Amino acid sequence: MNDIDLSVSIGPIKLRNPILLASGTVGYGNEMSEHIDLNKIGGIVTKSLSLKPRKGNPPQRIVETPAGMLNAIGLANVGVEVFLKEKIPFLKQFDVPLICNIAASSVDEYVECTKILTQEDFISAFEINVSCPNVKDGGLQFGNDISSVGKITAKVKAVTKKPVIIKLSPNVSYISEFAKVVKEEGGDAVSAINTLVGTSFNIITRRPKIYNVTGGLSGPAIKPVALAKVLEIKQKVEIPIIGIGGISNWQDVVEFMIAGSSAIQLGTINFVNPTAAIQIIDGLEQYCLHYGLKNISQLTGSYILK
Amino acid sequence: MVTAKSFVEEIIKIENNIHLLKIYSPKIASEITPGQFLNIKVSDNFFPLLRRPFSICDVDEKFIYIMFNILGDGTKILARKRTGEELDILGPLGHGFKTEGNFDTAIIVAGGLGAAPFPLFTKQMSSLGKNIYSFIGGKSESDIITYGMNNTFISTDDGSFGFKGTVIELLNRNIKILQENKIKIFSCGPTPMLRALKEFCVKNNFDCEVSTESAMACGFGICQGCPIESESKKDKYLLVCKDGPVFNIKDVLI
């Protein structure tokens, strides 16, 4: 063993290491637990939960693109009640921080979901999805509007003592303005970024490949965009950032931390390599050892621009 | 279900430009039932990014066979693999065919590359002492794959090989075989064929399992990318990767 400290803090949230599994890429943990020891990762962010179960979009929901993929799942989920009754008991056997991602069609629904879920002690924090590009009601209509993001942050904060993270959309001109309002309204951190809106056509049928017409682009293709958004927030607003966007290996994690992330989330890579989280944690430890970093959190925002 | 280090043993060209990839993968090979699939990473980089799902065609002790046609970037890369190259495989995935049950005759209905899961299935049926009739259809002679199947009945849309017409029409012409035995139908193929088969099975009250396919990313239920409409539960989708890929034809909307 060595004395490398991989632990990080996202505001009030303490994690044993900076590796979280992103919402929508880890389900409710059960499938993933067959591949990796969930006790070793920094935390899990659940599939977006809504007040009532959602069926999600009809097929086709996904299409591969160069170094990435488009998805339009449409927030298919079991709803908060079934989650509490049937999904949480399984997760409780693990010593892993659980962050509940919440999606909603109205401000009231965000508040309602939070009120119900906050009573469950096992939940460490909330990540509020104001940026899903694949549903007609809610989602981006909030994420693109600064006053809505501010309102949702304030109202959700008012009904829970647990930390609240707002997951921001990259489909805006200045993401830092959204991070600023989150901070002003008492939000504890931001996740950046959600997927980028994209589409793809079949050149024979001339129809979109995805039923929803557009989908959210994820994977290595969006990494440079995500990094620039993290950097923009870091330079403009003093708020903890969880970096997300195409992270596939430990080198990417280091890059995101240098750009300003306190922790990161692995998304699309979980589909390709379900054991990526563990390999990345090992890689980070070796990196710290090699470069004499005692605590990985020293990396956060350590960029040198000139 | 595991990710296991596996190695390319050889690539064999069979009929009509169809390739068989023989993979050394003892751990996965020991757990397979017919109709399950593998999700294979064909490259060790982001081109292409996602794994590719393949029906398991056959198993021979420590070796697994998959059948493929060169159609896109993934299969192009796969076809260039050399003996000894490492292959990153996730599997076996999903639920396969229920090979045991109250029937003495298995009727295979395969369209085009839908023939892929049936060599292993045929082996297993034979070892269970069941009779097998294999109805195989395609657009043209070049689509017909009979590899690993017995008692074949062939149809082509253009009449270039066997019966001229669809495989379901051919099935209907031989309905006596079906009615005189205790049968169960097992099928895999393009959606229009499965749709016609469903109609045929409902009309004649035949029990039938179908192997479905869908675009997918993970292959084990976390991406939710491969929904298929359930006949009974309208409030949620089933997943091809986890609830399937084999379903009773009555349970899914095709």
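Author: Let's start with charges: Lys and Arg count as positive here, Asp and Glu as negative, while His and the chain ends are left out. On that count, chain A has 30 positive and 27 negative charges, and their mean positions sit 6 Å apart. Keep in mind that this is a predicted model.

Now for the inside. The largest nonpolar core has 111 residues, and Ile128(A) and Ile233(A) are the ones that touch the most other members. Helix α9 of chain A, residues 276–290, gives the most to this core, with seven residues. If you zoom in on Ile128(A), you'll find it touching Ile102(A), Tyr110(A), Ile152(A) and Val156(A), along with Val164(A), Ile165(A), Ile166(A) and Lys167(A), leaving aside residues up to four places away in sequence. There's also a second, separate core of 26 residues, which includes Phe121(B), Met149(B), Phe186(B) and Cys188(B).

Stepping back to the chain as a whole, chain A is built with nine helices and 14 strands. Its radius of gyration is 18 Å, close to the 19 Å that the globule rule gives for 306 residues, so chain A is as compact as a globular protein of that length. Its C-alpha atoms fill a box of roughly 55 × 50 × 40 Å along the principal axes. Of its 306 residues, 60% count as buried. As for contacts between residues at least 6 apart in sequence, 72% of those in chain A join residues at least 24 apart.

Conventions:
Residues are numbered from 1 along each chain as its sequence is written. Chains are lettered from A and ligands numbered from 1 in the order in which they are written. This is a predicted model: local features need pLDDT of at least 70, side-chain atom pairs count only at pLDDT 80 or more; totals for chains, interfaces and linings use all residues. Side-chain values use heavy atoms; hydrogens and water are left out. A nonpolar core is a set of buried Ala, Val, Leu, Ile, Met, Phe, Trp, Tyr and Cys residues joined through side-chain atoms within 4.5 Å. Buried means under 20% relative accessible area, exposed over 50%, partly exposed in between (1.4 Å probe, protein chains only). Helices (H or I, at least four residues) and strands (E, at least two) are DSSP runs, numbered from the N terminus. Contact means heavy atoms within 4.5 Å. The radius of gyration is taken over C-alpha atoms; the globule rule is 2.2 Å times the number of residues to the power 0.38. The place of a charge is taken as NZ of Lys, CZ of Arg, CG of Asp or CD of Glu.
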